[in-house]
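This briefing goes through a few local features of one protein chain. Keep the sequence and the 3D view open while reading.

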Amino acid sequence: MGPVIELWTALPVVIQIVIKILAIMLPLMIMVAYYTYAERKVISYMQVRVGPNRVGFFGWRLWGLGQPIADAVKLMFKEIIIPTGANKLLFLIAPTLAIGPALAAWAVFPFDAGLVLADINAGLLYILAMTSLGVYGVIIAGWASNSKYALLGAIRSAAQIVSYEIAMGFALVGVLVAAGSLNLGDIVEAQQGGLGLLHWFWLPLLPLFLVYFISGVAETNRAPFDVAEGESEIVAGFHVEYSGMAFAVFFLAEYANMILIAALSALMFLGGWLSPLPESWSEDSVLLGDGFHWLLLKTFGFMFLFLWFRATFPRYRYDQIMRLGWKVFIPITIVWIVVVAVMRMAQMPWWFN
């Protein structure tokens, strides 16, 4: 490892940063592509269908694993049609504004102890800021399309995102109170203890945990909160006028946000890379001890729940979605923040020592 370390330190700082960014973005883009494949397969199994099973590699079908690549190639060669009367500049900028924050949020995400691109003290605040910016891409796309259907979908989606963003923010305030830090690495370390999973924040912050994840499903416009894309009502929502790679970027942004919400749920409430087993069982084991593989498994579990919800629940009415966000989730989070603050001041055993 000596020559490798020397070669790495000899590289200019800018090149090192670019390599780190690529090391995060390339696997993330591959995961986004195959998340679409996993969704089609999981839902097909739940509904007793086959799902993608034709497109493979070099004549080998391989369970249809080539389907995401075929979809990407198809979209690359489709024409981007800009509607008459649309604001061309904003029409093309909107997809970038949608996917940019979803990717930028990973800059402060710790994948393991010390394994983070930018270890800033205000990491939680940065995450809140980035996840809040995605709504601008939605609003601009709907308005710039010069389409009443797109505008209606954008208004619906923006109102839904803003409503549930408040509940998500309050849920993360509870995490801040419990951990006593805005640094994401410190939040994970605050969940470390000899009891394993019983020492994680999901237990004392259970209502906030549920509110955060369900609000994340709503914020990403996923079923059963996908009224912005109710095909029987407003076609495809705010991106109805988009085609080709412009549509593909919106598609990628949705799935990138789903992965981000899943990873943050695992990080904030389920101990991140910490092992669920007690320290006495796992301290001498590579597989059972703390590590990136635990974060990956927890994230995959939440990603699966996104797909399970879509295959199971019917779509809510819009008034039901607004009522849940404003009259149920926000009051719950406010009350539980007070409860967590009291537990913190009382130094409850196990969790806040």
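The expected span of a helix is 1.5 Å times one less than its number of residues. In this predicted model, helix 13 covers residues 318–345, which makes 28 residues. From its first C-alpha to its last, helix 13 reaches 40 Å, close to the 40 Å expected.

**Helix 13**

- Helix 13 has a bend of about 30° at Leu 324.
- Its buried residues are Ile 321, Met 322, Gly 325, Phe 329, Ile 330, Thr 333, Ile 337, Val 340 and Met 343.
- An α-helix has 3.6 residues a turn, so residues three or four places apart point the same way.
- The buried residues of helix 13 pack against helix 6 (148–179) and helix 8 (206–219).
- Just after helix 13, Gln 347 has a positive phi of about 55°.

**Gln 160 in helix 6**

- Gln 160 lies in helix 6 and counts as buried because its relative accessibility is 0%, under the 20% limit.
- The side chain of Gln 160 reaches the backbone oxygen of Ala 218 at 2.7 Å.
- Neighbours within four places in sequence aside, the contacts of Gln 160 include Phe 225, Tyr 318, Ile 321 and Met 322.

**Aromatic rings**

- The model has 22 aromatic pairs.
- One of these pairs is Phe 225 with Tyr 316: the ring centres are 5.3 Å apart and the planes are at 45°, so the pair is tilted.
- This pair links distant parts of the chain, with Phe 225 and Tyr 316 91 residues apart.
- Phe 225 is in the loop between helix 8 and helix 9 (231–234), while Tyr 316 is in the loop between helix 12 (292–312) and helix 13.
- Phe 225 is buried, at 4% relative accessibility, whereas Tyr 316 is partly exposed, at 36%.
- One aromatic cluster is formed by Phe 209, Tyr 212, Phe 213, Phe 269, Phe 302, Phe 306, Phe 309 and Phe 313.

**Backbone features in loops**

- The peptide bond from Ala 223 to Pro 224 is cis, with omega near 5°; Pro 224 is in the loop between helix 8 and helix 9.
- Phe 58 is not a glycine, yet its phi is positive, at about 55°.
- Phe 58 sits in the loop between helix 2 (13–46) and helix 3 (67–76), and is exposed because its relative accessible area of 83% is over 50%.
- Asn 146 also has a positive phi, near 55°, and lies in the loop between helix 5 (123–144) and helix 6.
- Asn 146 is partly exposed, with a relative accessible area of 45%.

Definitions and conventions:
Residues are numbered from 1 along each chain as its sequence is written. This is a predicted model: local features need pLDDT of at least 70, side-chain atom pairs count only at pLDDT 80 or more; totals for chains, interfaces and linings use all residues. Side-chain values use heavy atoms; hydrogens and water are left out. Helices (H or I, at least four residues) and strands (E, at least two) are DSSP runs, numbered from the N terminus. The bend at a residue is the angle between axes fitted to the seven residues ending there and the seven starting there. Buried means under 20% relative accessible area, exposed over 50%, partly exposed in between (1.4 Å probe, protein chains only). Contact means heavy atoms within 4.5 Å. Rings of Phe, Tyr and Trp (its six-membered ring) pair if their centres lie within 6.5 Å; planes under 30 degrees apart count as stacked, over 60 as edge-to-face and the rest as tilted. A polar contact is a pair of N or O atoms within 3.5 Å; within protein, one must be able to donate a hydrogen and the other to accept it, and residues adjacent in sequence count only if both atoms are side-chain atoms.
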